[in-house]
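Hi everyone, thanks for coming. Let me put the model up on the screen, and then we can walk through its pockets and some of its packing.

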Amino acid sequence: MAVHHLVKRYGDATAVNGISFAVERGDFFGFLGPNGAGKTTTINAIVGLARVDGGRIEVFGRDVSTAWRKARRLIGLAPQEYNFDRYLRVREILFYQAGYYGLRPRDVTTRVDALLERFGLSAKADAFVAQLSGGMKRRLTLARALVHDPQIVILDEPTAGVDVELRLELWETLRALRREGKTIVLTTHYIEEAEALCERIGIIESGRMVALETTEGLLRSHARDELTITLAHPLQAPPPMLAHFSARLDPENACRLRFERLSPLQLSEALALLGREGIDVEAVNTERATLQDVFLALTGRGAR
Ligand SMILES: Nc1ncnc2c1ncn2[C@@H]1O[C@H](COP(=O)(O)OP(=O)(O)O)[C@@H](O)[C@H]1O
Ligand SMILES: [Mg+2]
């Protein structure tokens with residue numbers, strides 16, 4: 001899937017301002033950004049729910065504006081907002097969605113039952129959506145996105161506002177889909193969600209892509225792991241023999257020596273040098289850089 005210079009305006013406001021990115025088959029791509037950044041607008045353009053003012057979108061090499069029916073068949077969308085027909089029962093919602101793709105009920109009965117089972121909705125098959133819990137609605141959104149067995153699954157904020165337990169459960173489901181060979185595109189404003197799940201991440205802010213890289217690459221290029229050696233007694237200054245490791249004394253705690261990036265060999269050398277000077281070491285800790293650090297470095301603002 002490839003998005004080229006996508007532009008979408010609402011009146012005078014530009015919601016999406018020239019975004020480009022590509023998602024390879026089998027990728028788990030994360031589209032990360034604060035509320036209002038333009039994620040949903042981009043997703044809606046990809047699935048043909050929004051007219052675009054500029055740019056081009058391809059799915060499996062076909063332009064979606066000319067081959068939207070084919071493109072739609074290849075994509076399953078779990079939208080951000082619930083949009084269920086409240087007069088349909090859970091099982092009917094899935095059959096109805098299959099019908100939208102030209103699939104007949106008798107051809108999808110087995111699949112619908114399997115999805116109900118997989119998402120813990122079998123007992124609610126004949127219930128109306130109003131009778132479902134929030135978590136069940138989330139799971140139904142996902143089941144519905146999968147009913148026509150799409151190759152690409154797009155999830156727009158699938159865990160927004162859900163409790164921790166359901167979030168972890170949904171994460172496991174998404175990982176399983178990825179293992180089954182689906183290509184997954186997920187939007188989120190939860191940094192830790194993108195970090196936990198996605199192999200590649202695009203960070204969007206105010207309609208522009210401010211970073212587009214592998215998760216590892218983002219962490220490597222924009223944030224550093226830090227290592228701390230905690231001493232038994234405070235120091236006045238970093239020991240001179242550690243100067244070539246660019247050791248710094250923590251300004252808030254003179255027992256703490258901080259280092260950026262030490263190899264295991266350098267660490268044992270540093271510990272040996274401290275031991276030789278009779279400086280007692282109490283603990284060694286590594287703080288792994290997180291995507292939060294990257295996000296702050298790139299956008300200069302906080303998100304969750
Ligand atoms: N139908 C609409 N009419 C006018 N403005 C809209 C509409 N939909 C979205 N916007 C605006 O476009 C921007 C991007 O919104 P959206 O794509 O929903 O962001 P996100 O999904 O990242 O939270 C926001 O400023 C939002 O207010
Ligand atoms: Mg959104």
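Let's begin with the lining of the largest pocket, where helix H1 (39-46) and helix H3 (90-100) each supply at least two residues. H3 gives the most, with 4 residues. Helices here are DSSP runs of H or I with at least four residues, strands are runs of E with at least two, and both are numbered from the N terminus.

Some housekeeping: this is a predicted model, where local features need pLDDT of at least 70 and side-chain atom pairs count only at pLDDT 80 or more, while totals for chains, interfaces and linings use all residues. Residues are numbered from 1 along each chain as its sequence is written, chains are lettered from A and ligands numbered from 1 in the order in which they are written, and side-chain values use heavy atoms, with hydrogens and water left out.

Back to that pocket. Its volume is about 440 Å³, taken as the space filled by probe spheres set on grid points joined across faces, edges and corners. A pocket, on a 1 Å grid over the protein atoms alone, is an open set of points where a 1.4 Å probe fits, with protein on both sides within 12 Å along at least five of seven lines; lining residues have an atom within 4 Å of a point. There are 20 lining residues, and Arg72, Pro79, Asn83, Gln97 and Arg144 lie nearest the centre. By class, the lining has 10 nonpolar, 5 polar and 5 charged residues; Ala, Val, Leu, Ile, Met, Phe, Trp, Tyr, Cys and Pro count as nonpolar, Asp, Glu, Lys and Arg as charged, and the others, Gly among them, as polar.

The second largest pocket holds about 280 Å³. Its lining has 17 residues, with Ala45, Gly48, Ala50, Val64 and Ser65 closest to the centre. Strand E4 (54-59) gives the most to this lining, with 3 residues.

Now, at what angle do helix H8 and helix H10 pack? Residues 215-222 and 291-299 form these two helices, and the angle is about 65 degrees, with axes 9 Å apart. Axes are lines fitted to C-alpha atoms, for helices over the stretch in contact, and angles run from 0 to 180 degrees between N-to-C directions. Leu218, Leu219 and His222 of H8 meet Leu291, Val294, Ala297 and Leu298 of H10, contact meaning heavy atoms within 4.5 Å. That contact has 6 nonpolar, 1 polar and no charged residues.

Finally, helix H9 (residues 264-276) lies across E11, E13 and E14, at about 20 degrees to E11.
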